Amino acid sequence: MNKIFENKETFIEEYREAVKELSGKSFEITSDIDRFNALAGLIASKARAVSAETDKRFAKDGKKRVYYFSIEFLIGRLLDNYLINFGIRDMVADALSEMGCDLDKLCDLEPDAALGNGGLGRLAACFLDSMAHEGIAGYGNGMRYRYGLFKQEIVNGRQVEVADEWLSKGYPWEVRRPDKAVRIGFGGHVVSHTEGDRTFYDVVDTQDVLALPYDIPVVGFGGETVNKLRVWSAEPIDEHFDLDAFNRGEYANADASRADAEAISAILYPNDAGEHGRLLRLKQEYLFVAAGLKTALDVFRREHGNDWAKLPEYVAIHTNDTHPAMCGPELMRILMDEERLTWDEAWDIVTKTISYTNHTILPEALEKWPIATFKKLLPRVYDIIDEINRRWRDGFDTTQDGWQERLRKTSVLWDGEVRMANLSVICSHSVNGVAKIHTDILERSVLNDFYALTPEKFNNKTNGITPRRFLAEANPSYAKLITEAIGDGWLDNAEELKKLVDFESDPSFLKRVAHSKRQNKIRLAEYVRRECGLVIDPDSVFDVQVKRFHAYKRQVMNIMKVMDVYNRLISDSSFHVQPTTFIFSGKAASSYTFAKEVIRLINSVAEVVNNDPRVNDLIKICFIPNFRVSNAQLIYPAAEISEQISTAGKEASGTSNMKLMMNGAITLGTMDGANIEIAQLAGEENEKIFGLTTPEVEQLRASGSYFAWDIVNADRDRLGRVMDELTDDTFAKLSGNFESIHTEIMSNNDYDLVLKDFHSYVQAWEELTSTYTDAQAWNRCALHNTAMSGWFSSDRTIREYRDEIWHA
Ligand code: 26Q
């Protein structure tokens, strides 16, 4: 363990000094925000010192460097996490309390860096944690958005988006590095000149912006390795400030070039299909790719000189989805146009250096760009893509049956569009999915034509989560109990959680498990009372679905289940349920009308149900606004049922399923994504699985014999009633009925199979909750889930990437 403070006394001394330096005042009269900034600043400076040592060690050892390119890093808050990873959390909490100050309160003041949408961005953040823990020289490369993902407010049941000004109070973790700025050219045109038998290309008349890096330290658990996350901000090249315009009173015009450049890193785009084709998004993608590659190549050159053939030996470039797909053509451009390698030399290096992870099989989510847009913005990169495509076609074996169809499906350029997934596959030596079934689907269908040509490129890397943040930090009472039972080795090696199996038949231990869960439920109930003004009962079952809103995730099926339960409670006196609090949280992309209507439906049903004295002590519905990493850390530990109910074949992996499992929630889910591996590890008897499987979904669709109306008509009493209530005024109390949801489901013949799976879902829920009264059996099952969750540590995932993809 790296000791960054001699002892508590030296910590207090240094901390007082830091507070004084930052605020000019002595500790006693400073505000909490000054105290937070000084503490984070102090830890950040220690982290940077260890980072410099780490870097020296890596350089001396000739370590391969791994660059993780991701347009999102959903890192959340860092202070608590870094104190845990440095192994000084208890000491610092103690010291602060001696100083009359509460560490938790200070941690709560940290802005929640929301530089990501959901799963993909949080995965990137967990990977940074695990790379540092595993001692990998791993660096994040991403974007520094001025506004993170919007803040969600709920007004009259509806989602309202508010700008997230996360930088407004300063951000103590980052260091601006103007010395490492990179000039990025957009537009212009390609010129060529010949030297001997070679032609060289260049782009002239470009409009340039400056990519400015900010470095954030990444502290690995154990404190031995501190890596870096580098995020890029766009700025004007030089101050094109127009004094004449300013003096004429045209203030906006005077600073126009600044505004144009800064727009590139102003906002994070939502993960909604409707956002494709925005020029600014393409600029973002190129900016962080071009600037990040420049960083990686500069480091390589410094350490290994100009022997580019050695690049794959010392550098791995990993592309998180297709958003960094320009890594391929941009690296080709640098190696050919700037370093003067031939195409063949450069191509060999590029394909040995780059690897690609796919995160979705939804066809509407596969990234495509109009060729015309692309060519105009990035003419040279486009020409290289054109050449990659031409060579790909030329290499086709036209003696094989069906080659034309295969060519159509694998081409990068088709129908006037650049297909980024195909570009990513062709430029990579490795292509992976994020759960076993997801990789199977990629191989069997979405990328089947590539798989047929190069099966050896394909591999699976089931996602993982960091147990430091999602167990140790989020759930301190459970973590303490676990450590008392099995020691603290699980922090380092989460597979040690398996030792908890020995305690599954220990009634007194199970009672303590239940006690910790109850404390976490009380903690969440207090948060809910503060944030929503709603009182929820910690003795009810906490049934939780928290994730982005999307049709395939089927939050609508969940709330329809609640509507059905409510209907039966008020009309059937023989019907009983286990008292339950249905907890929802998550954001919908601002242009995704259906998803936003589902949020309004949940809040509208809540309004009616929560105010109906007939059911009040039985069911409550709670929508927690503004789901983000910080409140997720309160929600997961309090959950007892983990709702993972996507249509089979649609959720690539899911990671909230893993976070909930690790915190002792029981999965109520379909056989989709990583739910399958969860059920295998924990045993199906310790989860509740329902609904159609992927092959059944495929068969049903292919048969053409599915008629949504038949399902509704076959069950007028319950499903029919729920559907009717979407269009009548039962739940139209806040702002109108839900005709649009009804229409969306029926006019698409129940595309997401909400109606088809409804019955088995409600039944599974009833069966599962009916077992809640046997507290001991329930707690045993909860503990078993935690015990078997260790495999889902992102440390395991990262070791697989290291050994099988990066060879680092
Ligand atoms: C693309 C083009 C233009 C604008 C936005 C986007 C965009 C942005 C973000 C497209 C997709 C995303 C995010 C996708 C995502 O989070 N996918 C999830 O990744 C997780 C980690 O692998 C999986 O566990 C989830 O199953 C998957 O849905």
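In this predicted model, Phe-374 touches Leu-282, Met-326, Trp-369, Pro-379, Val-381, Tyr-382, Ile-385, Val-418 and Met-420, with residues up to four places away in sequence left out; contact here means heavy atoms within 4.5 Å. Residues are numbered from 1 along each chain as its sequence is written, and side-chain values use heavy atoms, with hydrogens and water left out. As the model is a prediction, local features need pLDDT of at least 70 and side-chain atom pairs count only at pLDDT 80 or more, while totals for chains, interfaces and linings use all residues.

Together with Phe-11 and Tyr-15, Phe-374 is among the residues with the most contacts inside the largest nonpolar core, which has 146 residues. A nonpolar core is a set of buried Ala, Val, Leu, Ile, Met, Phe, Trp, Tyr and Cys residues joined through side-chain atoms within 4.5 Å. Buried means under 20% relative accessible area, exposed means over 50%, and partly exposed lies in between (1.4 Å probe, protein chains only). Helix H10 (residues 279-304) gives the most to this core, with twelve residues; helices (H or I, at least four residues) and strands (E, at least two) are DSSP runs, numbered from the N terminus. Because domain 1 (62-76 + 112-428) and domain 2 (467-798) both give residues to this core, the core lies between them. A second, separate core of 66 residues includes Phe-575, Ala-588, Ile-602 and Tyr-706. As general background, nonpolar side chains tend to be buried together in soluble globular proteins.

The two domains, with bounds that come from an automatic or database domain assignment, have their centres 36 Å apart, taken over C-alpha atoms. Across the boundary, 34 residues of domain 1 are in contact with 39 residues of domain 2.

Turning to the sheets, six strands form an open sheet with parallel pairing, in the order E22-E21-E20-E23-E24-E25. Its edge strands are E22 (619-624) and E25 (688-689), each of which pairs on one side only; two strands pair if DSSP finds at least two bridges between them. Within this sheet, strand E20 (residues 541-546) is mostly covered, with six of its six residues buried. Val-541, Asp-543 and Gln-545 lie on one side of E20, Phe-542, Val-544 and Val-546 on the other, and both faces are covered. E20 runs parallel to strand E21 (residues 580-585), joined by six bridges, and parallel to strand E23 (residues 641-644), joined by two bridges.

An open sheet of three strands has antiparallel pairing and the order E15-E17-E16. Strands E15 (368-370) and E16 (413-414) are its edges, each pairing on one side only. Three bridges join E15 to the antiparallel strand E17 (residues 417-419), and Lys-368 stands opposite Arg-419 in E17.

Arg-419 is also one of the contacts of Thr-410; leaving aside neighbours within four places in sequence, the others are Trp-392, Phe-396, Asn-422, Ile-426, Asp-449 and Phe-450. Thr-410 lies in helix H16 (residues 403-410) and, at 1% relative accessibility, counts as buried. The C-alpha atoms of Thr-410 and Val-425, 15 residues apart along the chain, are separated by 9.2 Å.

Finally, the aromatic side chains. The structure holds 26 aromatic pairs. Rings of Phe, Tyr and Trp (its six-membered ring) pair if their centres lie within 6.5 Å, and planes under 30 degrees apart count as stacked, over 60 as edge-to-face and the rest as tilted. The rings of Trp-166 and Tyr-171 have centres 4.9 Å apart and planes at 70 degrees, so this pair is edge-to-face; both residues are buried. Phe-503 and Phe-509 form a tilted pair, 4.8 Å centre to centre with 45 degrees between the planes, and Phe-509 counts as buried at 4% relative accessibility. Ring pairs also link Tyr-68, Phe-73, Phe-127, Tyr-801 and Trp-806 into a cluster. Charges meet rings as well: the charged end of Arg-35 sits over the ring of Phe-27, 4.1 Å from its centre, and that of Arg-796 sits over the ring of Trp-791, 3.6 Å from its centre. A charge sits over a ring if NZ of Lys or CZ of Arg is within 6 Å of the ring centre and within 35 degrees of the ring normal.
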